[in-house]
Amino acid sequence: MTASFEAIETLDELEAIALTCTRCGLAEGRTNVVFGAGDPIADVMIVGEAPGQQEDEQGLPFVGRSGQLLEQLLGEIDLQRNDVYIANVVKCRPPRNRDPREDEIEACKPYLRRQMELIDPKVVITLGNFSSKLLLRTATGITRLRGIAYEWWGRYLVPTFHPAAALRGGERVTNDIRHDLGLVRQILDGRLSVDIPETQQPQAPEPAVDTQLGLFEST
Ligand code: URA
């Protein structure tokens with residue numbers, strides 16, 4: 001059973017609750033809760049996976065090497081870090097940077113859900129498998145999901161590779177992220193056609209077997 005934060009009306013209030021959160025075991029190993037940062041009324045919200053070591057130490061998302069690359073690529077579509085809001089699926093660092101577990105994602109989900117509702121962005125960018133699968137409620141991987149903009153709960157959602165994958169995978173992955181961020185720029189400029197003929201759309205994601213994965217579908 002997960003809590004609802006519907007009555008919470010500001011990000012500050014929500015953050016204050018998150019800062020003392022003990023809803024999962026990640027609370028034990030953290031230095032700081034990495035709640036999220038940026039413009040609280042941003043048009044663009046970016047959702048990563050989980051804080052790493054530097055994020056845990058500073059209490060801020062994407063401040064390590066992945067963050068530097070993310071900032072560079074955002075700059076290429078004329079967005080600064082302060083123009084967007086950045087958060088993660090889980091707010092506390094998993095030990096030794098392991099993948100977040102399903103129970104941890106489930107425990108943390110109400111924070112992300114309420115952040116999304118309060119910020120009310122026009123476009124959500126999901127970075128990598130965890131956030132993309134969770135928000136699109138699918139078991140399909142990021143390689144197949146990315147490349148298009150989805151209409152999602154009254155907004156656009158643009159899934160792309162995690163910048164850490166680009167740091168490992170080189171220019172090809174980086175260029176794929178560039179392409180996807182180009183879609184974000186088109187949306188912001190009102191240049192993206194939503195009426196893409198079905199035949200031109202990359203394979204649609206299959207529904208997840210586990211419906212618990214969705215951000216808004218389960219409580
Ligand atoms: N990777 C993430 O997914 N989030 C961060 O905040 C940092 C690295």
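Of the 219 residues of the chain, 50% count as buried, where buried means under 20% relative accessible area, exposed means over 50%, and partly exposed covers the range in between (1.4 Å probe, protein chains only). The model is a predicted one, in which local features need pLDDT of at least 70 and side-chain atom pairs count only at pLDDT 80 or more, whereas totals for chains, interfaces and linings use all residues. Residues are numbered from 1 along each chain as its sequence is written, and side-chain values use heavy atoms, with hydrogens and water left out.

The chain exposes about 10,800 Å², of which carbon and sulfur atoms supply 46%; accessible areas come from the Shrake-Rupley method with a 1.4 Å probe, and for residues only the protein chains shown count as cover. Among the contacts in the chain with a separation of 6 or more, 73% are between residues 24 or more positions apart, a contact being heavy atoms within 4.5 Å. The secondary structure comes to nine helices and six strands. These elements are DSSP runs numbered from the N terminus, with helices (H or I) of at least four residues and strands (E) of at least two.

Six strands form an open sheet of mixed pairing, in the order 1-3-2-4-6-5; two strands pair if DSSP finds at least two bridges between them. Strand 1 (37-38) and strand 5 are the edge strands, each pairing on one side only. Strands of a sheet pair through backbone hydrogen bonds, either parallel or antiparallel.

Both senses of pairing occur around strand 3. Strand 1 pairs with strand 3 in the antiparallel sense over two bridges, and alanine 37 has isoleucine 86 of strand 3 as its bridge partner. Strand 2 runs parallel to strand 3, and four bridges join them; here methionine 45 is the bridge partner of tyrosine 85 in strand 3. Within strand 3 (residues 85-88), Tyr85 and Ala87 point one way and Ile86 and Asn88 the other, and all are buried. Further along the sheet, strand 4 and strand 6 run parallel and are joined by five bridges, with leucine 157 in strand 6 as the bridge partner of valine 124.

Valine 44 gives a view from within strand 2. This residue is buried, with a relative accessible area of 2%. Apart from neighbours within four places in sequence, valine 44 is in contact with Leu79, Val84, Tyr85, Pro121, Val123, Ile125, Val184 and Leu188. The C-alpha atoms of valine 44 and leucine 157 are separated by 9.8 Å, although the two residues are 113 residues apart along the chain.

Helix 6 (residues 128-136) has Gly128, Ser131, Ser132, Leu134, Leu135 and Leu136 as buried residues. The buried residues of helix 6 pack against strand 2 (44-48), helix 5 (102-119), strand 4 (123-127), helix 7 (142-145), strand 5 (150-152) and strand 6 (155-160). Just after helix 6, arginine 137 takes a positive phi of about 55°.

The structure holds one aromatic pair. The rings of phenylalanine 5 and tyrosine 111 have their centres 4.8 Å apart and their planes at 40°, so the pair counts as tilted. Rings of Phe, Tyr and Trp (its six-membered ring) pair if their centres lie within 6.5 Å; planes under 30 degrees apart count as stacked, over 60 as edge-to-face and the rest as tilted. The pair links distant parts of the chain, 106 residues apart: phenylalanine 5 is in the segment before helix 1 (11-18) and tyrosine 111 is in helix 5. Phenylalanine 5 counts as buried at 10% relative accessibility, and tyrosine 111 counts as buried at 3%.

The ligand is surrounded by Gly48, Glu49, Ala50, Glu55, Pro61, Phe62, Asn88 and His162, each with a heavy atom within 4 Å of it. An oxygen atom of the ligand is 2.7 Å from a polar backbone atom of glutamate 49. A nitrogen atom of the ligand lies 3.1 Å from a backbone N or O atom of alanine 50, and a nitrogen atom of the ligand is 2.8 Å from an N or O atom in the side chain of asparagine 88. Taken alone the ligand exposes 230 Å², and the protein buries 92% of that.

Key:
Polar contact = N/O pair within 3.5 Å; in protein donor to acceptor, adjacent residues only side chain to side chain.
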